[in-house]
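Please read it alongside the sequence and coordinates displayed here.

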Amino acid sequence: MPEKKGRAVSRLSGKKLQAAKLFADFTNSNGVGEVSEILGVSPTVIIKWLGGEDFTVELRELIDKEAAARLPDVYKALLNQCEKGSVPAIKLFFELMDKK
């Protein structure tokens, strides 16, 4: 994402940016219908945006940022399962450690 004075600048603006943020929000499962209703645009417009490279690049970046922010909680949950003796969790833990 382009940067300006130390801050990330989005390649999208207005409702298009709002749509990308709604799709990237892990706390909601917004689909095309919900996003179009929230923003007051037709589902056809949302689908057109989803097909655009600028939108998909921005959406991927927003999702990556959201996922990275949740990593500490994910590792904590994994370690809790390991402590409870979950074999799949222990296996995953060691697989992740091998990748570092």
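At a relative accessibility of 36%, Q81 counts as partly exposed, a class lying between buried (under 20% relative accessible area) and exposed (over 50%), with a 1.4 Å probe and protein chains only. The model is a predicted one, in which local features need pLDDT of at least 70, side-chain atom pairs count only at pLDDT 80 or more, and totals for chains, interfaces and linings use all residues. Residues are numbered from 1 along each chain as its sequence is written, and side-chain values use heavy atoms, with hydrogens and water left out.

Q81 belongs to helix α4; helices are DSSP runs (H or I, at least four residues) numbered from the N terminus. Apart from residues up to four places away in sequence, Q81 touches S86 and A89, contact being defined as heavy atoms within 4.5 Å. Its C-alpha atom is separated by 20 Å from that of A67, 14 residues apart along the chain.

| Helix pair | Angle | Axis separation |
|---|---|---|
| α4 (residues 53-83) and α5 (residues 87-98) | about 130° | 8 Å |
| α2 and α3 (residues 43-50) | about 115° | 8 Å |
| α1 and α4 | about 40° | 9 Å |

The axes are lines fitted to C-alpha atoms, for helices over the stretch in contact, and angles run from 0 to 180 degrees between N-to-C directions.

With axes at about 130°, α4 and α5 are oblique to each other. By convention, angles under 35 degrees count as roughly parallel, over 145 as roughly antiparallel, 65 to 115 as roughly perpendicular and the rest as oblique. The crossing of α4 past α5 is left-handed, meaning that the near helix is turned anticlockwise from the far one by less than a right angle, whereas clockwise gives a right-handed crossing. On the α4 side the contact is made by Y75, L78, L79, Q81 and C82, and on the α5 side by A89, I90, L92, F93 and L96. This contact of α4 with α5 has nine nonpolar residues, one polar and no charged. In this classification Ala, Val, Leu, Ile, Met, Phe, Trp, Tyr, Cys and Pro are nonpolar, Asp, Glu, Lys and Arg are charged, and the others, Gly among them, are polar.

For α2 and α3, the angle of about 115° makes α2 roughly perpendicular to α3. Their crossing is right-handed. V32, V35, S36 and L39 of α2 meet P43, I46, I47, W49 and L50 of α3, a contact that divides into eight nonpolar residues, one polar and no charged. S36 lies in helix α2 (residues 32-39) and is buried, with a relative accessible area of 6%. Beyond residues up to four places away in sequence, S36 touches V41, S42, P43 and I46.

N30 is found in the loop between α1 (14-24) and α2. N30 is buried at 19% relative accessible area. Its side chain reaches the backbone oxygen of L22 at 3.3 Å. Leaving aside neighbours within four places in sequence, N30 is in contact with L22, F23, V35 and I38.

At about 40° and with axes 9 Å apart, α1 is oblique to α4. The crossing of α1 past α4 is right-handed. K16, L17, A19, A20, K21, F23 and A24 of α1 make the contact with D54, F55, E58, L59, L62, I63 and E66 of α4. The residues of the α1 contact with α4 comprise nine nonpolar, no polar and five charged.

Definitions and conventions: Helix = DSSP H or I, 4+ residues; strand = E, 2+ residues; numbered from the N terminus. Polar contact = N/O pair within 3.5 Å; in protein donor to acceptor, adjacent residues only side chain to side chain.
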